[in-house]
Amino acid sequence: MSPLASTDLRTIETARQLVEAAHQAQQAIRHLSQPEVDRIVAAMAGAADAACERLARMAVEETGFGKVADKMVKNYFATRDVYGYIAPMKTVGVIAEHANGRTKEIAEPMGVVVALIPSTNPTSTAIYKALISVKGRNAVVMAPHPKAARCIGEATRIMAAAAEAVGAPKGLIACHPEPTLEATDALMKHPRTAVI
């Protein structure tokens with residue numbers, strides 16, 4: 001077996017393990033209350049916000065794209081504006097009633113989200129996709145662009161640690177550590193992947 005084939009198999013197996021762990025974590029949070037979900041999302045946003053400048057520097061150094069100041073603005077947009085927009089949203093239980101109370105909309109999580117993250121805006125995209133996924137009681141596995149894997153991995157690590165510190169299960173927010181086309185394909189085609 002060639003080394004490339006061995007690498008492909010390893011990255012595919014890692015992808016499968018990440019999705020399975022994400023599924024287990026998502027099952028653990030699917031019945032959380034709105035305050036519990038909101039506490040996790042607030043912790044994620046706060047931790048990412050505190051790291052915005054460092055993540056911007058990492059993104060520029062790793063990818064060679066853009067300016068640190070511009071990446072910081074995009075990171076802050078995700079941690080402050082996106083978070084501020086979604087924070088008051090109801091995502092648990094009955095979220096709307098129509099026709100004099102005869103029809104109700106009930107929020108239901110999708111499951112495991114596979115988030116494709118580009119090299120152009122890697123950290124800000126990872127931040128907002130994680131925030132919106134968890135706000136909806138979904139797990140998220142990042143499929144990073146290979147030229148931005150380190151900074152995307154760090155953004156993911158920061159948010160996962162913050163979420164776990166306030167009670168989220170391990171595996172709820174993850175990033176493939178060795179992105180390959182085969183790994184991304186395995187993430188997208190996994191039977192437990194609900195949304196790409």
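In what order do the four strands of the open sheet lie, and is their pairing parallel or antiparallel? The order is β5-β4-β3-β6, and the pairing is parallel. Strands here are DSSP runs of E with at least two residues, helices are runs of H or I with at least four, and both are numbered from the N terminus. Two strands pair if DSSP finds at least two bridges between them. The edge strands are β5 and β6 (193-195), each pairing on one side only. Neighbouring strands of this sheet are turned by 35 degrees against each other on average, direction ignored.

The model is predicted: local features need pLDDT of at least 70, side-chain atom pairs count only at pLDDT 80 or more, and totals for chains, interfaces and linings use all residues. Residues are numbered from 1 along each chain as its sequence is written, and side-chain values use heavy atoms, with hydrogens and water left out.

Within the sheet, β3 and β4 run parallel and are joined by six bridges. Valine 112 has alanine 139 of β4 as its bridge partner. Strands of a sheet pair through backbone hydrogen bonds.

Two helices lie across β3, β4 and β5. Helix α5 runs at about 165 degrees to β3. Helix α6 runs at about 160 degrees to β5. Axes are lines fitted to C-alpha atoms, for helices over the stretch in contact, and angles run from 0 to 180 degrees between N-to-C directions. Contact means heavy atoms within 4.5 Å.

Helix α6 (residues 149-165) has 17 residues. From first C-alpha to last, α6 reaches 24 Å, close to the 24 Å expected. The expected span is 1.5 Å times one less than the number of residues. Buried residues of α6 include Cys151, Ile152, Ile158 and Met159. Buried means under 20% relative accessible area, exposed over 50%, and partly exposed in between (1.4 Å probe, protein chains only). The buried residues of α6 pack against several elements, among them α2 (34-50), α3 (52-63) and α5 (122-135). Just after α6, glycine 167 takes a positive phi of about 110 degrees.

Strands β1 (residues 93-98) and β2 (residues 103-107) run antiparallel, joined by five bridges. Valine 94 has isoleucine 106 of β2 as its bridge partner. Four residues lie between the strands of this hairpin, where alanine 99 takes a positive phi near 50 degrees.

Glutamine 27 is found in helix α1 (residues 3-29). Its relative accessible area is 35%, so glutamine 27 is partly exposed.
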